[in-house]
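This briefing describes one predicted model, by topic.

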Amino acid sequence: MKRKTTLAPIAAAIVFSFSVSTVYGFEPLVTPSVDDMVLYDDEENTQAEIDLGKTLFFDNRLSSNHKQNCATCHDPEKGFSDGMATGFGTEGNKLERNSPQLYNLGWSSIFMWDGREPTLESQALGPIQAAGEMNLPIPELLTRLNAVEGYRKLFKDVYEIDEITADAVGRAIAAFERSIIVDNTPFDQFLAGDKSAMSESAQRGLAVFSGKGNCAQCHDGANFTDDSFHNLGFGGDNHDKGRAAITGDVSQTGAFKTPGLRNIEFSAPYMHDGSIATLESVVDYYNRGGSGGEHTSDIIKPLQLTQVEQQDLVAFLKSLSQDITITVPKIPN
Ligand code: HEC
Ligand code: HEC
């Protein structure tokens, strides 16, 4: 399940730091190109469609008791996550997994920590109906939206439909999500030739990331993910089967999706269970070689990184950040 990656000309110029990538066949770390995005029906999203999706994303009408919208758990101010290890559903129940960030998902074709959703369109209808999340049956959602004249007009303008459908709701939300793009970070400026865009520490961190730290073995390509699943060896409470619950393959027990790392600085705490509070602790965890849980990936081993190398790695991860301003739209009546 590897997405296609076009080698931008720039990639050829930066092979110097990717000899490791070449040897093991990792995809080069490059700036994402919008030409490679996974689209619905190969159609580019219009601004009107994106705006409509954004409005839905922030509308409490999408939850049974009008208390939650998508941004409750995917808050742009908190790196499109919620700042909690695991958040709460609209009825106040505790969630089982960490709310993931939503940056650069337009390039992906596996969604959720266990990869059970193949498209952004299908994913979007999941949390609305999920009893543990927004808890709103689709017929009720459509009754609510169709009762709002402002929405009927917006959906008609964008999709030329008189009655709002679930399909159109999913498409609009997906269009907004595809517009959440991180492609001009200090790292991207560095790749484009501005050697002063990244600190010396971050530059050394890049070398650790693709070399001794072995991070790029899984976090590769334009969005720092191999779109695959690995078990990082979280011990202790091992009830979450992860990918194995979807595929039935026991060897994937406790394996979760490799998350992309763009803007990762903003969405602490980390991992599918939110069990690691900071980037420093994430690096420390990898450096120890995990905690030895059952089914740990063979790739996870003690790294013997020095203190400085660990700091450099964190500096590199922070060079993948770019501020994105989302203006909360006016919700129609
Ligand atoms: C109550 C909190 C909550 C709400 C509300 C919520 N989500 Fe999520 N979202 C989560 C959690 C938790 C996961 C991960 C669940 C899993 O992997 O099983 C997730 C996963 C996702 C993913 C997959 C990301 C990835 O990297 O695979 C997307 C996309 C997403 N949500 C979009 C939305 C949209 C769109 C809405 C509104 C329609 C929404 N979410 C509402 C908590 C929430
Ligand atoms: C074997 C593949 C693999 C390797 C090697 C690897 N990662 Fe990961 N990384 C993952 C997976 C899978 C997850 C999610 C695991 C989970 O939640 O159970 C993850 C999660 C993360 C997260 C948290 C992301 C989030 O949204 O919560 C960060 C940060 C991270 N890795 C950085 C690194 C760094 C830095 C290195 C090198 C020291 C590295 N990774 C090496 C596969 C890998």
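Which helices each supply at least two residues of the shell around ligand 1? In this predicted model, they are helix 4, helix 5 and helix 8. The protein itself is divided into domain 1 (9–32 + 183–318) and domain 2 (47–178).

**Surroundings of ligand 1**

- Ligand 1 is surrounded by 27 residues, of which C70, C73, M112, W113 and P127 are the closest.
- The most is given to this shell by helix 5, with 5 residues.
- By class, the shell around ligand 1 comprises 16 nonpolar, 7 polar and 4 charged residues.

**Domains and their contact**

- The centres of domain 1 and domain 2, taken over C-alpha atoms, are separated by 28 Å.
- Contact between the domains involves 24 residues of domain 1 and 21 residues of domain 2.
- On the side of domain 1 that touches domain 2, the elements giving two or more residues are helix 11 (244–247) and strand 2 (256–257).
- That side of domain 1 is made up of 10 nonpolar, 8 polar and 6 charged residues.

**Nonpolar cores**

- In soluble globular proteins, nonpolar side chains tend to be buried together.
- The largest nonpolar core has 33 residues, and L56, A172 and I173 touch the most other members.
- Two or more residues of this core come from each of helix 3 (47–57), helix 4, helix 5, helix 6, helix 7 (149–159) and helix 8.
- Helix 8 provides the largest share of this core, 7 residues.
- Apart from its neighbours within four places in sequence, I173 is in contact with G53, L56, F57 and A124.
- A second, separate core contains 29 residues, among them F26, V208, A222 and I264.

**Helix 5**

- The buried residues in helix 5 (residues 120–129) are L120, E121, A124, P127 and I128.
- These residues lie on the same side of helix 5, because they cover an arc of only 130° around the axis.
- Among the elements covering the buried residues of helix 5 are helix 4 (70–73), helix 6 (138–146) and helix 8 (166–178).

**Helix 7**

- Y151, L154, F155 and V158 are buried in helix 7.
- The buried residues line one face of helix 7, because they fall within an arc of 95° when seen down its axis.
- An α-helix has 3.6 residues a turn, so residues three or four places apart point the same way.
- The exposed residues E149 and K153 are carried by the face of helix 7 turned away from its buried side.
- Helix 3, helix 6 and helix 8 are included in what covers the buried residues of helix 7.
- Just after helix 7, E160 has a positive phi of about 55°.

**Loop residues and backbone geometry**

- M112 is located in the loop between helix 4 and helix 5, and its phi is near 80°, a positive value in a residue other than glycine.
- M112 counts as partly exposed because it has 15 C-beta neighbours inside 10 Å; a buried residue would need 20 or more.
- D227 lies in the loop between helix 10 (200–210) and strand 1 (229–230), with a positive phi near 50° in a residue other than glycine.
- D227 is partly exposed, because 19 other C-beta atoms are within 10 Å.
- A268 and P269 are joined by a cis peptide bond, for which omega is about -5°.
- P269 belongs to the loop between strand 2 and helix 12.

Definitions and conventions. Residues are numbered from 1 along each chain as its sequence is written. Chains are lettered from A and ligands numbered from 1 in the order in which they are written. This is a predicted model: local features need pLDDT of at least 70, side-chain atom pairs count only at pLDDT 80 or more; totals for chains, interfaces and linings use all residues. A residue is buried if 20 or more other C-beta atoms lie within 10 Å of its own, exposed if 12 or fewer, and partly exposed in between; C-beta atoms are placed from the backbone. Helices (H or I, at least four residues) and strands (E, at least two) are DSSP runs, numbered from the N terminus. The arc is that of the directions from the helix axis to the C-beta atoms. Two residues are in contact if their C-beta atoms, placed from the backbone, lie within 7 Å. A residue is near a molecule or strand if its C-beta atom, placed from the backbone, lies within 6 Å of it. Ala, Val, Leu, Ile, Met, Phe, Trp, Tyr, Cys and Pro count as nonpolar, Asp, Glu, Lys and Arg as charged, and the others, Gly among them, as polar. Domain bounds come from an automatic or database domain assignment. A nonpolar core is a set of buried Ala, Val, Leu, Ile, Met, Phe, Trp, Tyr and Cys residues joined through C-beta atoms within 7 Å.
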